[in-house]
Amino acid sequence: MGPLDLPLDCLILIFSYLHDEDLIIASYVCKAWHEAAETPWLWRKICLRRWGFCNIGNFLSDIGKQSWKSYYLRRALLELKMKTGRSGGDYTCQSLRGHNGKIIGVVYLAGINAVSEFWNQSSIVCSASTDGTVRAWDVQKATQLWSSPEQRPLCDIVADLQNNVVVTVDNTGTVKAWEGPTGGEVASFSTGSPKNTLYACSINDKPVIIVGSNNGALHTLTSPSLSKLSSHVVFDSFRLNLILSSPDKKWILTATKDCSEFSPKIFFSPSLSSGPEGEGPVSVSLPRSVCGVYSAAFLPSHSARVAVIHHSDLSQKKYLSVFNISMTKTKYDEEPSVQQTESFELDLSYTNILLQARDSNTLVVAAGNQISVYSVKGALMQRMEDHTQPIMSICVDNFRVVTASRDLSLRVLTWNHENEKGLSLESQYHLLGGSQTMSRGFTVVACDYISIVGSVEAVNGKDVLKAYSFNT
């Protein structure tokens, strides 16, 4: 019996060791090999080998009688286009104009992620501006869907994806929720303080909006009704301008970047929404040596492990420290506790520092015009200088890193898993933002799986969104 005469089950077993290119070649050998190579189980295995998790339920219902092979080929082609970035062939770039002021934030209201449907779908972003409006845009069609009435200049914006609303705060401290489909106002709440920071998350599986105020207070509001659940002073007289939620949604990290006397404070999130009358929320502070916070990020693959960039109380040297957060049993109760697992010095002279975590071992730090990749143990794995001006914003996921710079460019870098030294970044291409004479550079960048949106600061004060949509 020759190889062309093997039973179907034997061919499928042999083909299970092949990569995608080899499997496609094998399908052209003869009718029996073609039948074996088209087996859905083989292509499902290849998909999961490359991406870990795939959701093709909507793909099968939307496209018709398709297969794991079709899913793989379409998604692989999309990632190739995102990696090569050829203008006109791989993506289209369009300007979204309408704001008459500075754009202070951009959020995806309907984004496409890597495990959901990424075909025949639209990405919806919302932008907030000092012109007092929040606007919704269809990224693929490059059209404005709605604009809110003008109000006081806006300071921050977040999205509650579960309820399909966006939430903004203006310079008087008025928080408002807006319907995603129509832009209608849903509710409002006044903090009574300017310069507020917003953060959207969930507590006990219910969406909430957390507001950090200029006077150091922390307000927890229901979403989208914006009813107050609790208010607590955290950093007296200093702005609370850093808020993060842990992956297990049990902990809320708060910090002020304006005073080096306070270390970050971490709240047990359920205690922010309920608790005995008169009792404060359950919280714990990071060690006193962790002060002068620049940035922080929770590691996505851990339930509650956070990395913090700070300087110490004894010097202005910058450190990156990692802490585990947990509830510890005592004799009569449980108390929150933090345990430092790592701490190392960073060779950085800049004060505007951005930090994001790719996974449990990989941290991305942007400072000045540099982007650095560190292991969680402190090893500097890579440092790149693709920009000529400071990096203002970054997006990090398992496939790529996108940086936005004052040099009026976005830089797209992709992760390489095949390097003998382990995970590394490969610089791929620039996305340009327009004329240097008309603009002062990118200030914000946001991404989903099929698009990138950046905000360009305009010389005339009327900022513009640049939307880059990859062809699916």
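**Aromatic pairs**

Tutor: W68 is buried, at 16% relative accessible area, where buried means under 20%, exposed over 50% and partly exposed in between, with a 1.4 Å probe and protein chains only. Y71 counts as buried too, at 0% relative accessibility. This is a predicted model, in which local features need pLDDT of at least 70, side-chain atom pairs count only at pLDDT 80 or more, and totals for chains, interfaces and linings use all residues. Residues are numbered from 1 along each chain as its sequence is written, and side-chain values use heavy atoms, leaving out hydrogens and water.

Both W68 and Y71 sit in helix α6 (residues 68-84), three residues apart, about one turn of the helix. Helices are DSSP runs of H or I, at least four residues, and strands are runs of E, at least two, numbered from the N terminus.

A search of the whole structure finds nine aromatic pairs. Rings of Phe, Tyr and Trp (its six-membered ring) pair if their centres lie within 6.5 Å; planes under 30 degrees apart are stacked, over 60 edge-to-face, the rest tilted. W68 and Y71 form an edge-to-face pair, 6.2 Å centre to centre with 65° between the planes.

Now take W68 and Y71 as buried, and turn to another pair. F235 and F262 are edge-to-face, at 5.4 Å centre to centre and 65° between the planes. F235 lies in the loop between β13 (228-233) and β14 (242-245), and F262 in the loop between β15 (251-255) and β16 (265-268), so the pair ties together parts 27 residues apart in sequence. F235 is buried at 2%, whereas F262 is partly exposed at 25%.
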